Amino acid sequence: MKIMKFKYFSINLISLWLIALATIPLLLILITSFLAHDDSHLILWHFTLSNYVYFFHPIYFKILWLSLKLSVNCTILCLLIGYPAAFIIARSHGSLKNLFLLLMIIPFWTSSLIRTYAILTILKTKGLLNSALLALGIIHHPIQLIYTNTAVLVAVVYNLLPFMIFPLYSNIEKLDTRLLDAARDLGAGKIKIFKAIILPLTMPGIMAGTLLVFLPAMTLFYIPVLVGGAKSLLLGNLVESQFLEMHNWPGGAATSIVLTLFMLLLIFIYTRFARGKQRQELL
Amino acid sequence: MMKPVVVTLKNISKYFDDHCVLNDINLEIQHGEFLTLLGPSGCGKTTLLRLLAGFETPDQGSLFVNQKNITQIPPEERLFNMVFQSYALFPHMSVFENVAFGLECEKKFTKAQIQEKTLAALQRVKLAHLANRKPNQLSGGQQQRVAIARAIVKEPLILLLDEPLSALDYSLRVAMRIELKELQRRLGITFVFVTHDQEEALSMSDRIVVMNEGMIEQIGAPRDVYEEPKNLYVAEFIGEANIFKTEVISASDKKLTINIADSHLILNNNKNFKTGDKINIVVRPEDLKVWGRGEIKDEEDMLAGRVEEVIYKGSTVDLIVKLSNGQRISASEFFDEDDENLEYEKGEMVLVRWMTGWEVILPNENNEV
């Protein structure tokens, strides 16, 4: 009985926590997104759809398109780098494996904001990379690295790569090597083994990693600000600037809601696509 | 009649780190035979099988198929296929796709041919009706058959089986033995079967290779290995054995006299033992006959002892008898017409004897007592 009571207590506590800190704020944002504002009031109690109508303006489409493009590129890059990395980590032995895992975890001991500043010192015009290239004589004038879309992409990939590697690693780790032996024994070459055995069996990891990278990539607002400068305005920045600079709370709320809906749509597509077992593994 | 040799292993040695796993193995595998590699875990039998499959390469020695050296040929190019211990079925593929996989890899069959061959293989193992299931929807016995079908569909020169029955429960295991043996006979494929279960080895094999610590102790038909073990290791590993360590009191061309627990016994001298030789006498429990004290008048050349334990086993009664010299021996008595009620009491004094010639006499080279 005592255990049952404790169980209900702890479940209720978590539910309360989620209601107070997730559901209610989300509802407030939802309500705010249908309200108006003027210069002297953050919100006016007056129902309107105008905040959503803005989204049909081409500038918003452009921002959405840029954000999508960045997220897709970032996910593809993370997958291309992360998959072999996860494979090497999962297949290495003993202390080497522990070292790799430690190297993956150490960056998390520092805030990602600070790590982004660190990238800044490498990429800026008189930064480490330019100085090194100049010293080596590879270039003769500092090249523009920072405040470009590529710089944003590099920084986002750097920040999100672990979220691709970890689910892939735990998936590949579980992969039964006897299956690879069996495939070889049946006459399969390396490419066939990868395509027919490894890829399908690590699909849950690829899916989980993709979601964990793709969704945050849409919303990481401080990286484009720091590394991309004012030039690249993405969805995350838009929300930030609407709230903090333009003092347009209803507008920011509406952008947030659109972003949330968009992500729900992606998760929905994913769950349709990933059947049964894969979905369970993800959860 | 000697069957033609298909595979020859010459002076194969294999080390893991500094540990010698296989030590100078020489073996010829004959066409169409059911060959069993038998030994305890760690004796190198699985390594030898993986070496045949190509997953391991020997540190010394070579492997020949019909006189062609295949030592460096990778597994995917060898004409051997393997049934893995835990089956290693591809979990994301249906039974049909699992079996068809090996044929697709060959790239020389049309879709229709693959379809036809796959179904034929599934019919061989009586699983055609489950072709669309996934492996995790099958029982252990069915998964086992898929693993066999997946290997035989490739029509291998040799089918390698790595303890394929160890995951099944007892009755299924016994049934699968008969089925495997029957399948082997029907297909005419050479089977190399690895097991630590001597009963499995005896009941299925044409020849048994008894292995111990990376070496081959004996190669022979099940009956030879059981009845004429070459050394003490084989005698003790295969079946139960009573071993009397003693020495030859006097020897002639035909007979030798020995002493066990104060009884003088006269045995056949088939192996030219001389007076004073240290020997081990191996007698199987079922070859020992036990009489009660009252049943026998002439007690000479019989071993006297006391019954310590009576174990009823259905078809036999097993007795543990302590001889007057303190050695414990085991005897299996069968229920038959002469002795319908085998009743022994614990503590009863009995007399034990075996038919002269049913024993195996081995030299005791190490002079252990």
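What share of the contacts in chain A with a separation of 6 or more comes from residues 24 or more positions apart? That share is 69%. Keep in mind that this is a predicted model. Below, chain A gets a quick overview, and chain B gets a look at some of its strands and one of its helices.

**Chain A at a glance**
- Chain A has 14 helices and 2 strands.
- Of the 283 residues in chain A, 27% are buried.
- Along the principal axes, the C-alpha atoms of chain A fill a box of roughly 75 × 75 × 40 Å.

**The open sheet in chain B**
- Six strands line up here in the order β6-β7-β8-β3-β9-β10 (chain B), making an open sheet of 6 strands with mixed pairing.
- At the edges sit β6 (80–83) and β10 (215–220) of chain B, each pairing on one side only.
- On average, neighbouring strands of this sheet are turned by 20° against each other, direction ignored.
- Strand β7 (residues 158–162) of chain B runs parallel to β6(B), and the two pair over 4 bridges.
- Look for B:F80 in that pairing: it stands opposite B:I158 in β7(B).
- Helix α4 (residues 140–152) of chain B packs on the sheet and touches β6 and β7 of chain B. The direction of α4 makes about 175° with that of β6(B).

**A hairpin and its neighbour in chain B**
- Strand β1 (residues 5–16) and strand β2 (residues 19–30) of chain B pair in the antiparallel sense, over 8 bridges.
- These two, β1(B) and β2(B), form a hairpin with 2 residues between them. In the turn, B:D17 has a positive phi of about 55°.
- B:F16 faces across to B:H19 in β2(B), standing opposite that residue.
- β1(B) also pairs with strand β4 (residues 60–65) of chain B, again in the antiparallel sense, over 5 bridges.
- In that pairing, B:L9 has B:L63 in β4(B) as its bridge partner.

**Helix α3 of chain B**
- Helix α3 (residues 111–124) of chain B has 14 residues, so at 1.5 Å a residue it should span 20 Å; its end C-alpha atoms are 20 Å apart, which agrees.
- Which residues of α3(B) are buried? They are B:T118, B:A121 and B:L122.
- Seen down the axis of α3(B), the buried residues fall within an arc of 100°, so they line one face of the helix.
- B:A112 and B:Q113, on the other side of α3(B), are exposed.
- The cover over the buried residues of α3(B) includes α2 (95–106) and α4 of chain B.
- After α3(B) comes B:K126, with a positive phi near 60°.

Note on methods: Residues numbered from 1 in each chain as written. Chains lettered and ligands numbered in written order. Predicted model: local features only at pLDDT ≥ 70, side-chain atom pairs only at ≥ 80, totals over all residues. Pairing = 2+ DSSP bridges. Axes fitted to C-alpha atoms, helices over the stretch in contact; angles between N-to-C directions. Contact = placed C-beta atoms within 7 Å. Buried ≥ 20, exposed ≤ 12 C-beta atoms within 10 Å, placed from the backbone. Expected span 1.5 Å × (residues − 1). Arc of directions from axis to C-beta.
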